[in-house]
Amino acid sequence: MRVLSVVARGVLVAGIVAGSARAQNPTPAASQQPQAPMTFFITSAGKGDGANYGGLAGADAWCAQLAAASGTAAAPGRTWRAYLSAIGTDGKPINARDRIGAGPWHNAKGALIAANVADLHGDIIKDRNQINKMNAITEKGAILNGAGDTPNVHDILTGSDTEGRALAGTFDTTCNNWTSNAATGSAQVGHHDRTGGGSTSWNSAHPSRGCGQQNLVSTGGAGLLYCFAAN
């Protein structure tokens, strides 16, 4: 009996020592998945020249400039494209959906915005994207003002229909292919917060009242763009 007692005490002491060692040196937690790099954002500011970005190339360059200066985990080596439709020099439509790559796209906080072009536009299942006030944020990770806020800047320039294509007809929907800041003309805009004016469309809610900066402000915008990494 005395031998068993000694053995039992030895087992108990060994268990206490082992437990103490585990407490001081806990098992490392499972490594967390790294945050997905930013491949989508809304510009935190426009160029201040209304809808005049110097054409598609200028709008793309603005997206790239803000991404590079964002200070967030922007995807390295990416080609940035503004989500804008236009009309080519050959008279054929240039569709926003065809300019932005295949996806997936994540915001500045790593949240998935859409897995692919079909989900982004609801081609198969409606509202498969996460473009809304909480997730459609700027390159700095900030939430933009929407309907009910002051000032409201939820109008985002797109020149597109709900499927992401250039609108047919002769009415100006791209402010002369994103080169005009005149009080005349118009740009089709979407609502990043999916509300206001009876429309929940993120990319085709209504036309603006002109192309100048104040014209865009008067309809609830600031000349902002959706930007997507195309590769």
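Predicted model: local features only at pLDDT ≥ 70, side-chain atom pairs only at ≥ 80, totals over all residues.
Student: Where's strand 10, and is it mostly covered or open?
Tutor: Strand 10 spans residues 221-229 and is mostly covered, with nine of its nine residues buried.

Student: OK, which residues point which way from strand 10?
Tutor: Gly 221, Gly 223, Leu 225, Cys 227 and Ala 229 point one way. Ala 222, Leu 224, Tyr 226 and Phe 228 point the other way. Both sets are buried.

Student: How does strand 1 run against strand 10, parallel or antiparallel?
Tutor: Antiparallel: strand 1, residues 40-42, is joined to strand 10 by three bridges. Phe 40 sits opposite Phe 228 of strand 10.

Student: And how many bridges join strand 2 to strand 10?
Tutor: Three, and strand 2 (residues 80-82) runs antiparallel to strand 10. Ala 82 has Cys 227 as its bridge partner there.

Student: What about strand 7, parallel or antiparallel to strand 10?
Tutor: Strand 7, residues 155-157, pairs with strand 10 in the parallel sense, over three bridges. Ile 156 stands opposite Leu 224 in strand 10.

Student: New topic! Where does Asp 119 lie?
Tutor: Asp 119 is in helix 3, which covers residues 117-121.

Student: Why does Asp 119 count as buried?
Tutor: Because its relative accessibility is 15%, and buried means under 20%.

Student: So which residues does Asp 119 touch?
Tutor: Leaving out residues up to four places away in sequence, Asp 119 touches Arg 128 and Asn 129.

Conventions
Residues numbered from 1 in each chain as written. Heavy atoms only, no water. Buried < 20%, exposed > 50% of the residue type's maximum accessible area, 1.4 Å probe, protein only. Helix = DSSP H or I, 4+ residues; strand = E, 2+ residues; numbered from the N terminus. Pairing = 2+ DSSP bridges. Contact = heavy atoms within 4.5 Å.
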